[in-house]
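My notes follow in the rough order in which I looked things up.

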Amino acid sequence: MYRLYGRIGSGSAAVEAALAIISAPHEIIWIDTSAGEHLTEAFTAINPRRQVPALILPDGSVMTESAAMLLHLADAFPEAGLAPKPGTSARAAHDRWLIFMAVNIYEGELRMAYADRYTTDPDGADAVQAAAEDYLSAQYAIIETEMTGDYLVGNSLSMADLYLWMVASWRDPQQMNAETPCVAAHSRRLRAIPQVQAIAERHGV
Ligand SMILES: N[C@@H](CCC(=O)N[C@@H](CS)C(=O)NCC(=O)O)C(=O)O
């Protein structure tokens with residue numbers, strides 16, 4: 001049994017979707033960060049960065065980092081076909097997209113959400129957000145240019161698609177439609193998958 005620590009509107013959504021699609025037995029423990037539940041001693045022992053998601057594997061070991069969780073689940077459930085075979089160039093492309101989104105897009109969103117953490121200037125949050133918005137647009141433009149089919153890699157759904165759906169769900173849909181229509185269409189395609197739809201509804205996106 002997997003145990004996922006998550007929060008509505010957080011990076012747990014892609015992991016929730018992956019666990020649902022591969023039908024892995026799991027439970028979700030909701031962490032209310034607005035009530036400081038991520039700051040407790042018990043949760044800090046699970047993730048010293050005091051962030052969700054965190055994933056407890058069936059053997060009790062702890063994983064943090066949403067992209068790493070998806071890679072782990074892809075390899076632990078190869079029959080689900082949610083990532084190309086390890087060692088192939090398709091897998092290289094897949095892993096590249098996952099890491100691209102984790103380090104550029106998710107991080108860019110954190111600059112939007114926690115702007116005051118990214119400046120020592122007490123009046124600097126607006127400038128951090130403005131720069132983050134430009135930065136995010138540039139990252140999405142790269143995806144838009146390189147996305148040639150229905151999915152990010154090859155002709156089938158992968159973990160990278162679930163991650164793109166998740167981060168794109170944090171953006172303004174109208175802006176997405178106007179600036180990156182292929183990414184917007186990808187989000188609609190993903191949302192039509194019943195398990196993704198259920199998670200989207202849970203997260204209100
Ligand atoms: N790199 C981490 C980022 C996780 C993260 O920043 N989570 C946010 C929610 S989306 C969080 O827990 N924020 C609480 C805080 O930093 O105070 C991942 O991909 O899992």
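I am working with a predicted model, where local features need pLDDT of at least 70, side-chain atom pairs count only at pLDDT 80 or more, and totals for chains, interfaces and linings use all residues. Residues are numbered from 1 along each chain as its sequence is written, and side-chain values use heavy atoms, with hydrogens and water left out.

**Entry 1: the ligand**

I looked up Y106 and found a polar atom of its side chain 3.4 Å from a nitrogen atom of the ligand. For S66, a polar side-chain atom sits 2.6 Å from a ligand oxygen. R117 also reaches a ligand oxygen, with a side-chain N or O atom 2.7 Å away. Which residues are around the ligand? I listed S10, G11, H38, Q51, V52, P53, E65, S66, Y106, L110, Y114 and R117. Here a residue counts as near if one of its heavy atoms lies within 4 Å of the molecule.

**Entry 2: the sheet**

My helices (H or I, at least four residues) and strands (E, at least two) are DSSP runs, numbered from the N terminus. Two strands pair if DSSP finds at least two bridges between them. I found an open sheet of 4 strands in the order β2-β1-β3-β4, and its pairing is mixed. Which strands are at the edges? They are β2 (26-30) and β4 (62-64), each pairing on one side only. On average, neighbouring strands are turned by 20° against each other, direction ignored. For such angles, axes are lines fitted to C-alpha atoms, for helices over the stretch in contact, and angles run from 0 to 180 degrees between N-to-C directions.

Next I went through the pairs. β1 and β2 run parallel, joined by 5 bridges, and Y2 has H26 in β2 as its bridge partner. β3 (residues 54-56) and β4 are antiparallel, with 3 bridges. In that pair, I56 stands opposite V62 of β4.

Helix α1 touches β1 (2-6), β2 and β3, and its direction makes about 155° with that of β1. Helix α3 touches β1, β3 and β4, at about 125° to the direction of β4.

**Entry 3: what is enclosed**

I use buried for under 20% relative accessible area, exposed for over 50%, and partly exposed for in between (1.4 Å probe, protein chains only). Why do I call β1 largely enclosed by the rest of the structure? Because 4 of its 5 residues are buried. Helix α1 is also largely enclosed, because 8 of its 10 residues are buried. I wrote those down as S12, A13, A14, V15, E16, A17, A18 and L19. Their cover includes β1, β2, β3, α3, α6 (159-168) and α9. Just after α1, I noticed that S23 has a positive phi of about 55°.

**Entry 4: salt bridges**

I count a salt bridge when a side-chain nitrogen of Lys or Arg is within 4 Å of a carboxyl oxygen of Asp or Glu. How many are there in the whole structure? My search turned up 8 salt bridges.

I looked at E16 and R202, whose closest N and O atoms are 2.7 Å apart in a salt bridge. E16 lies in helix α1 (residues 12-21) and R202 in helix α9 (residues 194-203), so they tie together parts that are 186 residues apart in sequence. Buried or exposed? E16 is buried at 1% relative accessible area, while R202 is partly exposed at 39%.

R91 has a salt bridge with D75 at 3.1 Å, N to O. This pair links R91 in helix α4 (residues 89-113) to D75 in helix α3 (residues 66-76), 16 residues apart. R91 is buried at 6%, and D75 is partly exposed at 44%.

R91 forms a salt bridge with D95 as well, the closest N and O atoms being 2.8 Å apart. R91 and D95 are 4 residues apart in helix α4, so about one helical turn separates them. D95 is partly exposed, at 23% relative accessibility. I noted D75, R91 and D95 together as a network of salt bridges.

Methods:
Contact = heavy atoms within 4.5 Å. Polar contact = N/O pair within 3.5 Å; in protein donor to acceptor, adjacent residues only side chain to side chain.
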